[in-house]
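Reader: Could you walk me through how to read this model, one feature at a time?

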Amino acid sequence: MRVVSLVPSLTETVAVTAPGVLVGATDWCTHPADLDVVRVGGTKNPDIPAITALRPDLVLANEEENRAPDIAALRAAGLDVLVTEIRTLDQALRELERVLAACGAPRRPRWLDEAEAAWDALTPAGTYTAVVPIWRRPWMVLGRDTFAADLLARLGVRNLYADHPERYPRLPLDELRAAAPDLVVLPDEPYRFTPDDGPEAFPGTAAALVDGRLLTWYGPSLAEAPRALARALRAAHR
């Protein structure tokens, strides 16, 4: 198999589980750190000719990470494109199995069993209401139907914008503060929130700074995510 991945989570998934299969990945595919493949542009602006030149048997994409016109262009070039849709943990586990089977992985990997067991054994860190910014200037937060919000719900965190019509609404900071959350959850990607950049916008509200990869990536990091995220939530309320 020769596989090109346009999704950082799936790049890590395939690289860890089926070494040698990947021949190309995006500039944003940062895990594993020693990944040595041809870089084919970004998730939103992949280099179609460069991908075609690699002669992949399969291109991995995601309906949220990648643009429909790029997927159509790859298919028009005669390439087989597997497009995933992942909005919940259960869906992620199913899609990861589908991706690995399509890439020729000989068996279900141990890390996938460990991830499923870790989430099944999870004890929520508490019960909180939260806003979850993913960007500022302008402020954007998790809205309805997102993978990250599903993970947080399993950790006892109710997203105050879970019923918003948009999946990633842009909202004024005054409105976010007026929602009066128990907690503001600040991941370090896609916007890199830090102790000095983010919490000060929500004075008087506990802030949980979390690893964005553990909150938003679906792949080997899922085995580690429930424990690490629960620790970060508990630390915010100490």
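Author: Helices (H or I, at least four residues) and strands (E, at least two) are DSSP runs, numbered from the N terminus. This is a predicted model: local features need pLDDT of at least 70, side-chain atom pairs count only at pLDDT 80 or more, and totals for chains, interfaces and linings use all residues. Residues are numbered from 1 along each chain as its sequence is written, and side-chain values use heavy atoms, with hydrogens and water left out.

Reader: Which residues of helix H5 are buried?

Author: Buried means under 20% relative accessible area, exposed over 50%, partly exposed in between (1.4 Å probe, protein chains only). In H5 (residues 110–120), the buried ones are Trp 111, Leu 112, Ala 115, Ala 118 and Trp 119. They lie on the same side of H5 because they cover an arc of only 125° around the axis, taken from the directions from the helix axis to the C-beta atoms. Exposed Arg 110 and Asp 120 sit on the face turned away from that buried side.

Reader: What covers the buried residues of H5?

Author: Look for contact, meaning heavy atoms within 4.5 Å. The cover includes helices H1 (8–17), H4 (89–102), H6 (147–154) and H9.

Reader: And how do I read the largest nonpolar core?

Author: Such a core is a set of buried Ala, Val, Leu, Ile, Met, Phe, Trp, Tyr and Cys residues joined through side-chain atoms within 4.5 Å. Here the largest has 59 residues, and Leu 60, Leu 183 and Leu 222 touch the most other members. Helix H9 (residues 225–236) gives the most to this core, with 7 residues. Leu 183 touches, among others, Tyr 128, Val 131 and Leu 233, leaving aside residues up to four places away in sequence.
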